[in-house]
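Colleague: Could you take me through this model, please? I should like to discuss a few of its features in turn.

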Amino acid sequence: MKDVKNIIRRKLSVRVSLWVVLFAAIIFNIALGFFFYQAREAVRQEAINRATQTLDKTSLFVEGILNRVEVATDMTEWLVQRHPDVADSMFVYSRGMLLNNPDFYNCSIAFEPYYFKDKGLYFSAYSKYIGDSIRTIQGGSDKYQYFYTDWYLMPTLLDHPCWTEPYMDLDAPTNTSEMVTSYCKAMKDEEGKIIGVINTSLSISWLSQTISAVKPYPNSYSIMIGRGGTYFVHPDSTKITRQTIFTHTFEEPDTALTALGHAMQRGEEGIKLMHMGGQKCYVFYKPLGKTGCSMAIVCPESDIFGGFDRLRQSVRIIVLVGLLLMLFFFIRIITSELSPLHRLAQEAKTIASGQFDTKLPELQRIDEIGQLSNSFADMQQSLVKYIEELKNTTAQKASIESDLRIASSIQMTMLPKKYPPYPERDDINIYGQLVSAKEVGGDLFDFFMRDEKLFFCIGDVSGKGVPASLVMAVTRTLFRAIAVHESLPDHIVTDMNETMSANNESDMFVTLFIGVLDMLTGRMRYCNAGHDAPILIGSGAGLLPCDSNIPVGVMQGWKYTLQETTIDPWTTIFLYTDGLTEAEDKDHAQFQEKRIFDVISHVPNEPKQIIEAMTQAVHQFVGEAEQSDDLTMLALQYKHQQQDIRYQRSMTLPNDIQTVPKLSEFVEKVCEAADIDMGTCMQMNLAIEEAVVNVMNYAYPKGVKGMVNIDATISDKGLKFVISDNGVPFDPTAKEDVDTSLSAEERGIGGLGIHLIRQIMDSINYEYVEGRNVLTLLKRLKVKD
Amino acid sequence: MHHQPNKMREILYVLCAVLTVIGQTLTAKGETIVFTPQWTAQAQFAGYYVAQEKGFYREAGVKVRIEHSSATQPAINRLRNDECQATTLQLCQAMELIDGGISLVNILQTSMNNAMVIVSARGKDPLTQRGAKVGIWSVGFGQLAMCMSIKDHLDYQWVHFAQNVNLFVAGALDATLAMSYNEYYQLMQAGVEMTAHNVYRFCDHGYNVQEDGVYVTRDYYEKHREQAKRFARASRRGWEWAAEHPEEALDIVMKYVDKDHIATNRAMQRLMLTEVLRLQVDRESKKREFRLRPDMVQLASQLMAENNMLSREVKYEELVSEK
């Protein structure tokens with residue numbers, strides 16, 4: 001079954017053939033069904049006509065004979081009535097009846113008891129044929145009390161002539177019996193009193209034979225029943241006179257047979273379809289004249305419709321065989337018509353497996369299959385060409401990808417990678433991370449330490465991919481190059497903007513945040529060029545207030561504003577690009593600031609932990625969705641600690657070079673307190689002197705008197721000199737390192753001094769605070785064993 | 001020692017011969033009883049056919065010949081004419097005959113209930129058909145019906161018939177008497193519908209008088225007392241056997257039916273046998289009693305005497321063997 005189903009599903013030819021044959025079968029069925037129905041009706045009608053004719057004929061025949069008996073009896077009665085008192089003449093009349101009608105069985109002219117006084121109780125003139133001669137006797141006796149018989153009682157009780165139910169007439173003298181039916185007519189005297197009955201009998205053996213011979217179909221038979229339902233004609237002779245049509249129903253109730261019996265008893269005429277003797281039969285019935293008998297022809301349905309059924313069976317077989325042949329040939333023809341398709345399918349499979357040069361079968365056909373084959377060939381050619389192109393493209397793409405990988409790694413090397421970046425410092429903790437959406441990205445962050453200042457930046461270049469990555473590289477390079485000699489973030493950004501917007505033909509720009517954190521004071525100067533405001537995480541968390549500057553590279557000549565704040569120790573500055581806030585999940589919902597604060601509130605205030613927790617939160621949020629933008633985060637924790645001051649001394653000098661020896665004395669004392677060796681002390685003296693002289697010479701305009709303060713402190717970190725004045729702001733550290741290869745004349749003023757200071761001191765830091773130039777010089781002290 | 005067995009054998013031979021002769025003599029001594037049932041061969045007489053066929057009569061030492069009467073010649077005529085020695089009669093018939101001066105002895109009473117019914121045509125209640133033409137047997141059953149007709153003022157017009165089914169079916173009768181075991185079924189077989197309405201059962205209306213019994217003339221009884229008793233006992237044995245083996249009894253009945261070319265069939269005879277056997281069971285004792293009930297004799301006698309069908313009351317003692 002499963003195999004058959006499979007074949008039907010897989011074979012178009014079988015399916016199409018089945019549909020065609022199915023429709024043909026339906027049409028044949030309807031047409032033949034209609035035809036068979038009509039034909040069957042015709043056959044049935046024919047059978048009815050035939051049976052009805054037979055019944056009518058038999059009935060008429062019986063009627064004819066019965067009429068003769070009735071007329072003859074009436075004639076005899078007329079004779080009797082003329083001489084009702086002459087008993088012996090009755091013998092003559094009864095004999096005469098038979099003489100005139102040799103086919104009659106017998107004739108009795110019977111009288112009421114003691115009607116003839118001299119004849120006693122019984123008088124019945126009874127004639128009967130014995131062979132060819134007629135025997136006439138007096139029929140009544142003690143053994144045959146005729147006045148109790150049916151034939152005598154019936155006409156007297158009914159008060160009209162009638163036919164008796166057939167009965168066995170026993171002829172006592174010859175002891176022979178015959179099935180007869182009698183026509184009886186009561187005779188009355190002038191007063192209307194019954195004097196006797198004339199009875200003329202007919203043998204019904206001829207009637208039985210006539211009816212038994214009625215056989216319109218090979219297996220049909222006839223029956224005849226009397227008023228009481230008794231069988232008088234039946235193919236089963238044991239039933240005749242012994243059983244009635246109802247007898248059988250006593251043992252096996254049969255409502256159809258009972259109904260037939262009653263209908264026949266009532267003298268009705270009709271047709272019934274019922275089961276008789278185990279088969280379906282049509283029963284045609286009709287009363288037989290006035291005898292009270294009824295005749296029925298029983299025709300088995302199989303007889304009536306036998307020929308018809310055989311014809312129908314033959315037609316059915318022919319149609320079935322025809323349909324099967326049709327199915328067979330259809331499958332063959334369609335299979336052969338579709339065979340090129342099969343071959344095409346095979347070839348397509350081969351092509352699909354990668355053998356694009358497979359040769360297609362050549363078809364000399366112009367029908368749909370031919371067209372399909374041609375289209376297929378065209379497609380194959382196109383496919384070969386396309387695959388070739390694809391191969392080249394793929395190779396190119398692989399090459400580009402390789403380049404991109406290299407570019408990506410180069411880009412990554414630009415970013416700080418070493419964490420912690422300043423292991424020797426305990427005042428700063430930094431962690432940064434950049435995850436590109438593509439091989440190369442446009443995000444950047446960077447930081448470096450100069451002169452006790454932490455320069456850091458974060459930026460996001462417009463666009464993505466290679467162009468953005470190039471702009472990113474440029475931005476980072478500019479940041480490093482400018483910040484080397486420029487300590488103010490607004491200056492750095494402005495310089496970068498000038499450079500980048502000068503030749504910005506590609507209209508690319510970068511949002512940027514640059515901060516400079518003074519490690520000694522915790523003061524942070526910053527400039528925000530259109531970037532997301534950083535978050536400060538300390539005892540609480542909040543956005544760093546930022547001015548709205550335009551991004552870098554958009555417009556030449558833009559003045560970027562400087563902002564300033566003080567970072568409390570243990571505060572973390574958390575910087576990020578919009579790749580964090582705008583990270584999208586699969587429903588395009590964004591991560592947003594709110595979630596950043598959520599994460600921060602649940603994580604210890606430590607840069608690496610914050611960034612890792614944030615990364616995890618973003619991954620969780622994004623889920624299966626593709627990373628839409630570069631994700632960059634930078635966290636800086638400022639950990640400035642109060643130093644343990646062991647020694648403190650300060651002095652103030654006027655801007656007069658003549659006071660320098662005082663300075664030398666001051667420095668020497670400090671060095672002594674710090675237990676610094678002589679050589680170093682001398683070097684330090686030189687450096688301090690250089691810095692102070694520099695202030696004395698340049699801080700105040702010529703002729704203006706000013707003061708310069710020198711504070712010295714010794715702590716566990718080292719020896720610190722803070723030189724401050726309220727002259728014009730001047731940042732000596734912003735001068736580039738002096739090119740010592742040049743001659744003294746060629747070098748700018750001060751340049752050599754700063755270089756010297758840098759050489760001697762461990763760090764140098766300039767701040768302009770509250771109208772004062774503050775220069776901090778630090779010398780770390782060697783720890784003595 | 002050798003001839004002793006031979007001697008024994010000789011003695012045995014002699015004994016056998018003597019016994020055979022005695023047996024034959026005894027059988028020859030008893031004259032043949034001609035037994036005439038009151039109707040043609042049918043299951044109504046199954047017990048007697050069984051007794052004959054199963055050899056109960058022979059075993060009882062009586063020689064019996066069964067000769068049937070005909071529908072128009074009453075069995076009693078044959079008894080009167082000495083054409084038979086024993087006959088079946090209904091109790092009422094027997095009482096009429098005794099009243100008429102024929103001395104009879106009931107040697108076996110089979111029926112314990114009355115079987116007579118009135119079936120009326122066209123589904124009418126027989127009790128509403130005053131003056132109706134009602135069929136009655138010409139051979140003289142139906143005394144109780146006549147009593148009832150008078151008592152209930154129905155004034156039925158009695159039509160004596162030899163055979164009633166055809167007359168009834170042809171519509172010549174308004175109602176007819178029928179025996180519940182015979183004509184009742186014949187009428188049903190002729191398609192007449194029996195309802196609770198159109199059938200009047202005498203046994204249910206105070207006329208439950210026994211019917212069939214076997215009678216011999218008192219003369220005969222006095223002379224052949226032993227033979228009559230044996231005949232009665234064997235007949236009773238026949239009935240008891242028939243009650244236990246109804247299908248085999250039916251086979252025997254059909255043999256008699258077929259021999260006499262009686263126009264009946266097995267289905268009808270089965271119904272008849274069942275009904276006849278049922279009628280043999282006394283309503284009160286629920287047993288096959290095979291006895292005349294004095295109360296029923298008295299009831300019949302009174303009813304018939306009241307309606308001038310008897311000139312005097314016939315006593316129970318007049319019917320039984322010992323006066």
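Modeller: We shall discuss a predicted model, beginning with the contact between its chains.

Colleague: How many residues of chain A are in contact with chain B?

Modeller: On chain A, 28 residues are in contact with 24 residues of chain B.

Colleague: Which element of chain A gives the largest share of that side?

Modeller: The largest share, 5 residues, comes from α4(A). The elements that give two or more residues are α4 (150-158), α6 (247-251) and α7 (255-265) of chain A.

Colleague: And what is that side made of, by class?

Modeller: The side of chain A that touches chain B has 13 polar, 8 nonpolar and 7 charged residues.

Colleague: Turning to the largest nonpolar core, which residues touch the most other members?

Modeller: They are B:Ala46 and B:Val253, in a core of 179 residues. Neighbours within four places in sequence aside, B:Ala46 is in contact with B:Val253, B:Ala242, B:Ala249, B:Leu273 and B:Val276. Another core, of 59 residues, lies apart from it and includes A:Leu444 and A:Met633.

Colleague: Now the strands: in what sense do β5 and β6 of chain A pair?

Modeller: Strand β5 (residues 167-171) and strand β6 (residues 176-188) of chain A pair in the antiparallel sense, over 5 bridges. They form a hairpin with 4 residues between them, and A:Asn175 in the turn has a positive phi of about 50°. A:Asp171 stands opposite A:Thr176 in β6(A).

Colleague: Lastly, what span should helix α17 of chain A have?

Modeller: At 1.5 Å a residue, its 21 residues (678-698) should span 30 Å, and the end C-alpha atoms are 30 Å apart, which agrees. Among the buried residues of α17(A) are A:Met684, A:Ile688 and A:Val695.

Note on methods. Residues are numbered from 1 along each chain as its sequence is written. Chains are lettered from A and ligands numbered from 1 in the order in which they are written. This is a predicted model: local features need pLDDT of at least 70, side-chain atom pairs count only at pLDDT 80 or more; totals for chains, interfaces and linings use all residues. The expected span of a helix is 1.5 Å times one less than its number of residues. A residue is buried if 20 or more other C-beta atoms lie within 10 Å of its own, exposed if 12 or fewer, and partly exposed in between; C-beta atoms are placed from the backbone. A nonpolar core is a set of buried Ala, Val, Leu, Ile, Met, Phe, Trp, Tyr and Cys residues joined through C-beta atoms within 7 Å. Two residues are in contact if their C-beta atoms, placed from the backbone, lie within 7 Å. Ala, Val, Leu, Ile, Met, Phe, Trp, Tyr, Cys and Pro count as nonpolar, Asp, Glu, Lys and Arg as charged, and the others, Gly among them, as polar. Two strands pair if DSSP finds at least two bridges between them.
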